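Take a walk through one protein chain, element by element. Keep the structure open beside the text.

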Amino acid sequence: MTTAFSSASDAAPAKAGKQSIVSAWDDAHAATLDEAHLLLYRSNLLGADKAITNFGGGNTSAKIPMTDPLSGEQVEVLWVKGSGGDLGSIRLDGFATLYMDKLNALRGRYRGLEHEDEMVGYLPHCTFNLNGRAASIDTPLHAYIPRRHVDHMHPDALIAIAACKNSRALTAQIFEGELGWLPWQRPGYDLGLKLEQMVREQPALKGIVLEGHGLFTWGDTAKSCYENTLNVIRRADAWLGSNATGAAFGGQRHAALPNGERAALAARLMPLLRGKISQAEYKLGHFDDSAAVLEFVCSNDLQALAALGTSCPDHFLRTKIRPLVLDYTPEAPDFDALVAGLDDALEAYRKDYAAYYQRCARANSPAMRDPNPVIYLIPGVGMLSFAKDKATARIAGEFYINAINVMRGANGVDAYVGLPEQEAFDIEYWLLEEAKLQRMPKPKSLAGRVALVTGGAGGIGQAVARQLLAEGACVMLTDIDQSALDSACQALSRQAGSDAVAAVRADITREDDVAGVIDNVALRFGGVDLLVSNAGIASASPLEDTSLETWQRNMSVLATGYFLVSRSAFRSMTSQGLGGSIVYVASKNGLVASAGASAYCTAKAAEIHLARCIALEGAPHGIRVNVVNPDAVIRGSRIWDGKWKEERAASNKIGSDDIEEFYRQRSLLKRSVLPEDIAEAVYFFASEKSAKSTGNILNVDAGNAGAFTR
C-alpha cells in the first residue's frame with residue numbers, strides 16, 4: 001500500500017542562522033516587465049520563500065506614475081497588496097490601487113487613535129481606476145513611508161528579535177543604526193504616520209522593526225527593495241546563529257516515539273478529538289511531526305513557552321493565542337489514559353478561553369467565537385491542528401511552526417515575550433476582522449466533511465469525487481490501480497486544490513490494506529464522515545462455465561470488500577460520534593437477475609442486503625446507509641472497457657460497438673446513464689438533503705420495470 005502524502009520527518013530541525021535565503025531575481029526577465037509587473041514579480045519571489053514570510057502574511061507596495069483615466073494627466077498611484085491573498089500566489093488583480101494625492105488628503109480626516117477604524121472606510125474613496133480590490137488595513141503603513149518600493153515581511157528571524165524582551169537594544173546592536181525600531185502598536189493609520197516620521201527624521205535607515213510584529217524595508221527600485229529585504233533577514237538570521245547560547249527550549253525532556261508509532265497514535269486520536277470539537281461546526285485536521293515540532297514538544301520548556309502564547313498577530317489570528325498541551329508521557333505510553341483525559345483538558349481550555357474573553361471584551365466586541373483549541377501539542381508525538389477546512393488547518397500548523405522558530409531564536413539570545421493579552425484580544429476580536437469574517441461566503445453543503453471513495457480511479461468514482469468536492473467535502477480516493485489512481489488524484493487536485501484531495505492505493509479485499517486506508521484518512525483529514533463504496537469488477541458467463549475462481553473473485557471484491565471497508569469506516573464514525581453516511585454503488589443487477597452473470601448478480605444482491613443490515617446497526621449512531629443502483633454506465637467506465645463489454649455484447653447477440661445504444665433503447669426513458677448521474681444520486685444520500693433516509697435504494701437506470709423496488 002502506498003500513499004500520496006507523507007507527514008513524518010526525522011530531519012534535524014532548522015537552527016537559527018542556518019536558513020539559506022538566496023536571491024532569485026532574474027535581471028533578464030525583470031527587464032521585460034513594467035512597474036506593476038515588477039511589483040508582482042517581487043511579491044511572488046518573496047512569498048515563495050517561507051523563511052521570508054508566512055502564507056497570507058506580509059504586504060508589498062510600489063508608488064507608480066500612471067495616467068489618470070479621467071484627466072489624462074500623470075498621477076502617482078499606490079499599488080499595494082489587497083485585503084487577503086498570499087504573496088506567493090498573488091496576481092495583478094490582487095493589488096489595490098489608490099491615488100496618492102487622495103491618501104495624503106486623508107490626513108485632514110484623521111481624528112486620533114480612538115477613531116482609527118473609521119479611516120478604513122475612507123480608503124474606497126481613494127480608489128484609482130475603479131479597482132474593486134479592497135485595500136487592507138496596512139495601506140497607510142505603505143502609503144506614508146516616503147520611499148517608492150516598500151516590503152512588509154514576517155520572517156521568523158526578525159520576529160525572533162522583535163519578540164525579545166530587549167528587542168529595541170538588540171535591534172540597535174545587530175543592525176548598528178541601519179534599522180529603526182517602533183514599539184508594539186496595532187496596524188492602522190497612526191502607525192503609518194509614525195513610520196513616515198521615523199523615515200523622514202532618519203533618512204539613512206534601511207528598514208524598521210516593529211516590536212512583536214515584523215519588518216518594513218524599502219528601496220528606490222523593485223530589485224533594490226527585494227535585495228534589501230533579503231539582506232536584512234540574512235543579517236538577523238546570521239546574528240541569531242552566532243549568538244545563541246544553551247540548548248534550544250531548555251533541552252530535551254522526552255525522546256520522540258518512533259516514526260510509525262507517532263503516526264499510529266495520531267491516526268487513532270484524531271477522529272476521537274475531532275468528534276469532541278465538531279459538535280457546533282465540522283472541523284478538519286492536520287498532523288505534523290516534523291523535526292522542528294518534535295524538538296519543541298519533547299523539550300523541557302514546552303509547557304512554559306506554550307503558555308506565553310504567540311507574538312506576531314498573523315500567528316495568533318491563525319492559531320489562537322496559545323495551544324493546548326496534552327498530558328502524555330512517551331516513555332510510558334498509555335493511549336487510554338490520553339483519551340480519558342481529553343474531556344477535562346478540553347473543558348479546562350474552553351473555560352480559560354471564556355475567562356480570557358470576559359477579561360478583555362469591550363462593550364462593542366463581537367460575540368465569543370469557538371472556544372476550542374486550534375493547535376494541540378503532544379509530547380513525543382507531534383502537533384495536531386484543527387480548523388473549518390483542511391487548508392486552514394494545515395496553514396495554522398505552519399504558523400505555529402513559525403512561532404516555534406521565533407521562540408527558539410528569541411530564547412537563544414534573550415527571553416521570548418508573547419503579546420500582551422489585551423493587545424492580542426483586540427487583534428483577535430478587531431471589528432474590522434469581524435467584518436471580514438462576516439463577508440465570507442456561506443459554507444457549502446458538505447463543508448468540513450471527509451469522504452472516502454473506493455474505486456476512486458474509475459469513471460463513477462471520479463465523478464462522485466468531483467461532485468463531493470464541488471460541495472465542499474475533502475476526498476480520499478482509493479483504488480487498486482496505482483497509475484490510474486495517481487492520474488485521478490492529479491486531475492481532481494487541479495479542480496479542488498491539493499489540500500482537499502488525497503489518494504492511497506489499496507486492495508479492499510485485504511483487511512490490512514483497508515485498515516491502512518482508514519488510518520490514512522484520519523492522518524490526512526482527521527476522520528471520515530462519508531463512505532462511498534464503489535469499487536467494482538464485473539464478469540459474465542453461463543452458470544456451467546462459471547469457475548470457482550470467478551465466483552470467489554466477485555464475492556471477494558463486491559461483498560467481502562464492501563464489508564471490510566464499511567466495518568472500518570463504521571468504527572471510525574462511531575468513535576467520532578458525529579453520525580455519518582455510507583452509500584453503496586451497487587447495480588440494477590442486485591435486484592434483477594440476469595442470465596449469464598450469476599456471480600456478479602449474486603454479489604451485488606449481497607451488497608444491497610449488507611447495506612440494509614448496516615443501516616439497522618448504524619441508526620442509533622446517526623449513521624445512515626443507502627444504495628444507488630446504476631445500470632449500464634458505459635462512458636468513462638474501466639469495467640466496460642474490458643472483457644465485460646464483450647461478454648455482455650455476446651450475451652445479447654450484438655456487436656461491441658452497439659452496446660451503449662442497446663442499453664439506451666432497453667431503458668424505459670431511452671436515455672444513457674452517465675457517471676455524473678450516479679454522482680448526483682450519491683451526493684443526495686451523502687448530504688443533509690436525505691437526512692431522514694436510511695436503508696433505501698435509488699435506481700439510476702433510465703427506467704427498468706424489473707428493478708422497481710417493492
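Helices (H or I, at least four residues) and strands (E, at least two) are DSSP runs, numbered from the N terminus. This is a predicted model, where local features need pLDDT of at least 70, side-chain atom pairs count only at pLDDT 80 or more, and totals for chains, interfaces and linings use all residues. Residues are numbered from 1 along each chain as its sequence is written, and side-chain values use heavy atoms, with hydrogens and water left out.

Start with strand β4, residues 149–153. Here, buried means under 20% relative accessible area, exposed means over 50%, and partly exposed lies in between (1.4 Å probe, protein chains only). In β4, 5 of the 5 residues are buried, so the strand is largely enclosed by the rest of the structure. His149, Asp151 and Met153 point one way from β4. Val150 and His152 point the other way.

Which strands pair with β4? Two strands pair if DSSP finds at least two bridges between them. Strand β1 (residues 59–67) pairs with β4 in the antiparallel sense, over 4 bridges. Strand β7 (residues 214–219) also pairs with β4 in the antiparallel sense, over 5 bridges. His149 has a place in both pairings: Ala62 is its bridge partner, and Gly219 in β7 stands opposite.

Leu215 belongs to strand β7. With a relative accessible area of 1%, Leu215 is buried. Leu215 and His152 are 63 residues apart in sequence, yet their C-alpha atoms are 5.6 Å apart in space. Contact means heavy atoms within 4.5 Å. Not counting residues up to four places away in sequence, Leu215 touches a list of residues including Asp151, His152 and Met153.

Leu141 is found in helix α4 (residues 139–143). Its relative accessible area is 0%, so Leu141 is buried. The C-alpha atoms of Leu141 and Gly192 are 3.9 Å apart, although 51 residues separate the two in sequence. Beyond its neighbours within four places in sequence, Leu141 is in contact with Gly188, Leu191, Gly192, Leu195 and Phe216.

Asn554 sits in helix α21 (residues 548–576). Is Asn554 buried or exposed? At 1% relative accessibility, Asn554 counts as buried. Leaving out residues up to four places away in sequence, Asn554 touches Ile537, Ser539, Ala559, Ala599, Tyr600 and Ala603.

## Helices that pack inside

Helix α25 covers residues 675–686, which is 12 residues. The expected span of a helix is 1.5 Å times one less than its number of residues. For α25 that gives 16 Å, and the end C-alpha atoms are 16 Å apart, so the two agree. Its buried residues include Pro675, Ile678 and Tyr683.

In helix α16 (residues 421–428), the buried residues are Ala424, Phe425, Asp426, Ile427 and Glu428. These pack against α12 (313–319), α14 (342–360) and α17 (431–438).

## Salt bridges

Side chains of opposite charge can pair when their charged atoms come close. A salt bridge is a side-chain nitrogen of Lys or Arg within 4 Å of a carboxyl oxygen of Asp or Glu. By this rule the count is 28 salt bridges. Here are some of them.

| Pair | N to O distance |
|---|---|
| Asp499 and Arg394 | 2.7 Å |
| Arg567 and Glu511 | 2.5 Å |
| Arg666 and Asp631 | 2.7 Å |

Take Asp499 and Arg394, which meet in a salt bridge. Asp499 lies in the loop between α19 (482–496) and β14 (501–505), and Arg394 lies in helix α15 (residues 390–413), so the pair ties together parts that are 105 residues apart in sequence. Asp499 counts as buried at 17% relative accessibility. Arg394 counts as partly exposed at 22%.

Next come Arg567 and Glu511, whose side chains also form a salt bridge. This pair links distant parts of the chain: Arg567 is in helix α21 and Glu511 in helix α20 (residues 511–525), 56 residues apart. Arg567 is partly exposed at 24% relative accessibility. Glu511 is partly exposed at 48%.
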